[in-house]
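Here is a short briefing to read alongside the model.

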Amino acid sequence: MLPYNCGAGGRPAHRNGSYPPPPVPRYPNLDGVNRRQNSDYSPHVVKHPRLDSTSHPFMSPPVIRMPPPNQPDRAVAGSSRLDYDRYYSSPYSRPHPPESPTSSQIYAKDKLSDQIVELFEACRQQPSDLARKEMCRSRLQQDINRVYAVYIEKTQLIRAKVPILRFREKGSNLEFDLNVNNTVGIRNTFLLRAYSYADRRIKPMILVVKKWARHHQINDASKGTLSSYTLVLMVLNYLQTRKEPVIPSLQMDYPECFNPFVDVDLVPEGPKRIPPYISRNQAPLGELLLGFLEYYAIHFRWDKYVISVREAQVLPKTNSQQWKNKYICVEEPFERNNVARAVHEKAKFDAIRAQFAESFHILKQRRDLNSILPIRDIITKESSMR
């Protein structure tokens, strides 16, 4: 059983059981971004036990539209943020150079980890893919009504909560998802992008989990299973809730950078200078993947808790409509609704849990990614598409 955090200064829940949004700041904080204080924690929050539960005092976080400081961030004890520019290039403030093919190899300390890295390097987006996407996006923006039929094909309307128009560029396998007036989609896109640069293990982990879920047919919200977005949030929350976290909550550490009330045109500015999170947890990718499967197959209590990347914890289910009697509860970091609501049939939920359990036991015994995912076939397919 996970212990409750019963601090006296928590944020009260509404009568319907939902958690109210934070107050809107009257003016931007031009002196620095304040981290949330201990008194801001909710008494309803459930924390995983950790070896070191002390908070990590970072230097002044980045400020929206401010020039970079002259002095580097100070290294702090334990998991820390170091001088960003010495180690990484920002994905926002300057063009992000292609990562070295060996950039993830530092975590490939065993056969399973090496397989994950190999699959990631084969399937990741290439700079040429991104350049072609940007070119296609520009042409689409210039005159979609006049020329769209010339260079796109296989259009498909996905009738989700936010309808999506999916299409491909002619002559390639580049796929696009287009939606209109989905401002929260812009916010969570930049939030997930910031997480992807927080630690070099994030991208390979997410890619392998999505390939695994798709191969085992539990990655299709239209058919009552998990959406890709839900899977990403599950991976992030697992990494946040280790005894020694791999990543923190960026929304808690830098609330002004991910303020849900900031004008949508300013959203890309917020996370520009958030540095990578240097964690004391340096577990290899294979160990993290095995732990991810084990966590959701055995340890996580689906009937009691809500997965919250925003809080970097799990929250107890309340009696609100969005959480009550739901099989899987994963909180959207901005709207705070349930992004796993597509899983509304017990048979689908049971199939998802069973696949986590089966894959965990197989991978634990064999320590070979091929035992749960045909990586060679996937790599061959990816290569043929380029």
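Patches here are made of residues with over 30% relative accessible area and no salt bridge, where like charges are joined within 9 Å and nonpolar side chains (Val, Leu, Ile, Met, Phe, Trp, Tyr) within 5 Å. A salt bridge is a side-chain nitrogen of Lys or Arg within 4 Å of a carboxyl oxygen of Asp or Glu. This is a predicted model, in which local features need pLDDT of at least 70 and side-chain atom pairs count only at pLDDT 80 or more, while totals for chains, interfaces and linings use all residues. Residues are numbered from 1 along each chain as its sequence is written, and side-chain values use heavy atoms, with hydrogens and water left out.

**Surface patch**
- L157, L165 and L178 make up a nonpolar surface patch with about 220 Å² of accessible area together (Shrake-Rupley method, 1.4 Å probe, with only the protein chains shown counting as cover for residues).
- L178 sits in strand β3, residues 175-178 (strands are DSSP runs of E, at least two residues, numbered from the N terminus).
- L178 is partly exposed at 30% relative accessible area (buried is under 20%, exposed over 50%, partly exposed in between, with a 1.4 Å probe and protein chains only).

**Arginine 310**
- R310 belongs to the loop between β4 (305-308) and β5 (313-316), and it is buried at 6% relative accessibility.
- The R310 side chain has polar contacts with the side chains of E311 at 3.1 Å and E331 at 2.7 Å (N or O atoms within 3.5 Å; within protein, one must be able to donate a hydrogen and the other to accept it, and residues adjacent in sequence count only if both atoms are side-chain atoms).

**Cysteines**
- C257 is buried at 6% relative accessibility, and C329 is buried at 1%.
- The count is 0 disulfides (a pair of cysteine sulfur atoms within 2.5 Å).

Note on methods
Helices (H or I, at least four residues) and strands (E, at least two) are DSSP runs, numbered from the N terminus.
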